[in-house]
Amino acid sequence: MPNGLQVAANGTLRSRTASAGRTTYVYGTRDPIPTQVVQVAVGHFRRIRQTGPHGLPLNSHVTTGSYDRAKPFVDLVPSQIAWVEREIGAAYPYEAYGVLGVKGGYAAAFESAGLSTFSAEAGLTKPEETPTMVHELVHQYFGDAVSEKSWDDMWISEGHATYYTLRYKDMLGLEPYAEAVRRAYVYDEDNRGITGPPGRLKDPLDVLGSTNAPGFLMLHGLRLKVGDAAFRAIERTFFERYRHKAASTQDFIDVADEVSGRDLAPYIRSWIYGDKTPPMPAAS
């Protein structure tokens, strides 16, 4: 590409060669990544280098015009990784991480593997958006390193990301966790009859918006049922067993049953496949 532009992509920059007014960038990854979370961006970026837990290389790229406003939020990334590692009980799964802040009307946040992507202005300059940074970071574990075997298993990605994000919001004092549970329950009650359950959605377009709340509520209730220690063991075992593989709802059920020594299939299936919203989760 013409000199003066920079490239950001998944993995690690292996080489950069300039010749005859053009520059060639070569990126590579140590680990396999799902094709739907591949990212390549070309533009005018400033690179931010940091070090995360265990010496993890952090390479972020922010469009030059937003650098000064975005830099304080990019500085949060090492502590966010440390928090997620503690919660899930497993080290970050790729060789490097970073955030990509792009220019213009990018209306979403995206869990591109190793390089979560945001609108620089809308997603990396506002305190209320920092939980979204954690949401995309959790996707590095669930959705990227452990991908969905089918679209009917999307709750594995969105449910986990929502669960840990709402715990993070509670920690920051942005929203009480109990209120997040109540709000998610009302949402599922209002929408499940229209969209169908998360594991059998009526419309493929609902695969993102209608898998978050029920997946989150199932995980919240699972923790109440089995206790903190067993829940963490289920999460860690599921992640490690299916790391760099595709997993299904049945795979999660099998791990939950194995680790807990209980038959949790009826409970999990009620949230993922039930036509009606199950009772509000409670300890049992």
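Guide: We'll take helix contacts, then cavities. This is a predicted model, where local features need pLDDT of at least 70, side-chain atom pairs count only at pLDDT 80 or more, and totals for chains, interfaces and linings use all residues. Residues are numbered from 1 along each chain as its sequence is written, and side-chain values use heavy atoms, with hydrogens and water left out.

Visitor: OK, at what angle do α7 and α8 cross?

Guide: Roughly 130°, and the axes of helix α7 (residues 212-226) and α8 come within 6 Å. So α7 and α8 are oblique to each other (oblique is what remains after under 35 degrees, roughly parallel, over 145, roughly antiparallel, and 65 to 115, roughly perpendicular).

Visitor: Which residues make that contact?

Guide: From α7, Leu-219, Leu-222, Arg-223 and Val-226; from α8, Asp-228, Ala-230, Phe-231, Arg-232, Ile-234 and Glu-235. Contact here means heavy atoms within 4.5 Å. By class, the α7 contact with α8 has six nonpolar, no polar and four charged residues.

Visitor: And how far apart are the axes of α5 and α8?

Guide: They are 14 Å apart, with helix α5 (residues 155-172) and helix α8 (residues 228-242) packing at about 135°. That makes α5 oblique to α8.

Visitor: Who touches whom there?

Guide: Ile-156, His-160, Tyr-163 and Tyr-164 of α5 meet Phe-231, Glu-235 and Phe-238 of α8. Five residues of this contact are nonpolar, one is polar and one is charged. Phe-231 and Glu-235 also turn up in the contact with α7.

Visitor: Switching topic: how many cavities are there of 30 Å³ or more?

Guide: Two, from a search of the whole structure. On a 1 Å grid over the protein atoms alone, a cavity is a set of points where a 1.4 Å probe fits but cannot get out, and lining residues have an atom within 4 Å of a point.

Visitor: How much space is in the largest, and what lines it?

Guide: About 60 Å³. The lining is Gly-11, Thr-29, Arg-30, Asp-31, Ile-33, Tyr-94, Glu-95, Ala-96, Ala-113 and Gly-114. Those split into four nonpolar, three polar and three charged.

Methods:
Axes fitted to C-alpha atoms, helices over the stretch in contact; angles between N-to-C directions. Helix = DSSP H or I, 4+ residues; strand = E, 2+ residues; numbered from the N terminus. Nonpolar A, V, L, I, M, F, W, Y, C, P; charged D, E, K, R; others polar. 1 Å grid on protein atoms, 1.4 Å probe; cavity = no way out; pocket = protein on both sides within 12 Å on 5 of 7 lines; lining within 4 Å. Points joined across faces, edges and corners; volume = space filled by probe spheres on them.
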